[in-house]
Amino acid sequence: MKNRIYCGSTDLSQKGQVVLLAGWVQRVRNLGGLVFFDLRDHTGLVQVTPDPYHEDHDHLYETAIHLHHEDVVEIHGLVRRRPQGGENPKMATGLLEVVATRIKVLSRATTPPFLPEEADSVQEELRLKYRVLHLRADRMQRNFRLRHRLSQTVRRYFDENGFIEVETPFLVKPTPEGARDFLVPSRLHLGRAYALPQSPQIYKQLLMVAGFDRYFQIVKCFRDEDLRADRQPEFTQIDVELSFTEEPEVQEIMEGLMARIFQDVKGQTVPVPFERIPYHDAMLQYGSDKPDLRIPLKIADLSGIFASSEFRVFSEALAGGGAIRALNLPGAGGYSRKQRDDLLEKAKSWGLGGLVFLQWLPAGITSTVAKFMTPEQMKAAAEIVKAQSGDLIAIGADRNIEKLAVGMGQLRLWIGRELNLIQKDEHRLCWVVDFPMFEWNAEMNRYQAAHHPFTSPVLADLEAYADQPGKIRARAYDLVLDGNEIAGGSIRIHDREVQKKIFQHLGFTPEEAQAKFGFLLEALELGAPPHGGIAFGLDRLAMILVGADSIRDVIAFPKTTAALSLMDGSPAPVADEQWGELGLKRLTS
RNA sequence: GGGGCUGUAGUUCAAUUAGGUUAGAACGCCGGCCUGUCACGUCGGAGGUUGCGGGUUCGAUCCCCGUCGGUCCCGCCA
């Protein structure tokens, strides 16, 4: 529509001018003989009223009073300053109004199940069914416009740094490792299937071998796993790979990207470089491999202080090879018995056996288990968790170190929320490095790649711990923003011999490896440059940047936690005929 | 696969310690009145298979079982 201006861009500088507007009717106020309505587009609202002196006023008035919520209209009118006393300071365009000389209804709306401006208080089920109405809401419009800016910033940044965007296939070879694949049965080759890619991992490595040197792609990925607030079966990655590189270069480029993103999208300056935290330190101090550094608390180890404790919970934890760890709750010294009991219940749900509390009251440090502790021990504990008068110290103990770490990590997050220790609009980034290469999978009775099987191990570790794979470190790194893993990457294996050893540790025979990943292995023998890269979860990043609680708020047409699309009804039943064409037969439902 | 929360008018919610007349309110919707409203006001009206199925009971929105949907978490997500 030529010469159309946006509702939110109307301005007193246009006073006296005739403008053309188009949008949705938000609200009609019919005073009888006088009628106002608010016209909305994605930029905002402006008040419109029919021109009382227009030759066709009666008709204009009739049209206006019969407008409904969400009707789509086109308005010709004169911008004018509102009469004295008629201004609305709550409205961005509240000083002016548009006196309509023409109101054209472009499309009538039936009564909507909910109004866009109220969508945030409506059940998710309805919002997903009538997604267009929710997306019309101001907050969602802003979310998607921010996401757009984010994508553009990413493209610009990588382009400026010599990266090129190359598309990789969506119909790929199914991979046995990792997440469950979405399968696409082949019609031309019955009994065979493509998979939708979990990520373009192998393909981007092939691009490195192909000499593309610096690659990136903003690309959909698919994983058939259960959903979460921050997980959808289809999601978008910013996928990046570089040749002739090592960790510091990859990390530096990504730090530059994050700084640019925060500058462009939020107008915030992010200090670089980011802290590098070894995996084991992260687990010890934060109880997580994705620490939220906005919470100014670290988990302290009290095993030394209570090494000779006669308190059974402590002595048994230590005797069993475990540990005693503690967190300070600033200002919570006055917690009532009930508050402490409630916290204890939560601790159990986090996998902790329990918690022991030390209360630092004005009179001194006390505890319900004080008889098992010396005053010196309590004082030392308080010191090591950096407690002061008025604080509460929560101590956990377990013979299982991992369980204890994770439980204390949950406690730390809870404290951060409960005691409001996180500043609004504060963001903290860090790298977590030195991940273990392998994780033991008890179910399958073998080691699994913690990152993926093409991640380079620390070569010295590979030699030194040939018989203790659990100790081998990976050259992998995760980028963590406010307690969310927003990117993960690694330096890859470019040497076929190293790759063979890794497959051995994973329990693959050479034949299996060849069958699964032969095309990559062969390419690696055709002259593979050292290379490495990273992949960002774009949706998750967008979610954090817009301050949303769910990834659904930055995905236009998301699925429910049952992986259904309530809007279009997918997945949908398929006729037997169509299954048959794929060589498939329906068994149930 | 497991656990928590949840489903009542178009929407958001209510419905009295173990259940009891005609399931209420606000917003929205329909109609009347109203010339400066902006959450317009005001008067009136319509609108309900209490998600669905079963059970207990003289009687179920309420209790029990099952089921479907939504949501959050654990497992899972190389």
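This is a predicted model: local features need pLDDT of at least 70, side-chain atom pairs count only at pLDDT 80 or more; totals for chains, interfaces and linings use all residues.
Residues are numbered from 1 along each chain as its sequence is written, chains are lettered from A and ligands numbered from 1 in the order in which they are written, and side-chain values use heavy atoms, with hydrogens and water left out.

Of the 589 residues in chain A, 48% are buried (under 20% relative accessible area; exposed is over 50% and partly exposed is in between, with a 1.4 Å probe and protein chains only). The chain has 16 helices and 22 strands, taken as DSSP runs (H or I, at least four residues, for helices; E, at least two, for strands) and numbered from the N terminus. An automatic or database assignment gives domain 1 (7–107), domain 2 (124–271 + 529–589) and domain 3 (295–418). The C-alpha centres of domain 1 and domain 3 sit 62 Å apart.

On to the charged pairs: the structure holds 41 salt bridges, each being a side-chain nitrogen of Lys or Arg within 4 Å of a carboxyl oxygen of Asp or Glu. In one of them, arginine 139 pairs with aspartate 553, with the closest N and O atoms 3.0 Å apart. This pair links distant parts of the chain, 414 residues apart: arginine 139 is in helix 4 (residues 138–160), and aspartate 553 is in the loop between helix 15 (538–546) and helix 16 (576–581). Arginine 139 is partly exposed at 23% relative accessible area, whereas aspartate 553 is buried at 8%. Both belong to a network of salt bridges that also takes in Asp120, Glu124, Arg127 and Arg552.

Glutamate 241 and lysine 204 also meet in a salt bridge (3.3 Å, N to O). Glutamate 241 lies in strand 10 (residues 234–243) and lysine 204 in helix 5 (residues 201–209), so this bridge ties together parts 37 residues apart in sequence. Glutamate 241 is buried at 0% relative accessible area, and lysine 204 is buried at 1%.

Arginine 412, in helix 11 (residues 401–418), is buried yet has no salt bridge. Its nearest side chain of opposite charge, aspartate 292, is 6.1 Å away.

Definitions and conventions
Lys and Arg count as positive and Asp and Glu as negative; His and the chain ends are not counted.
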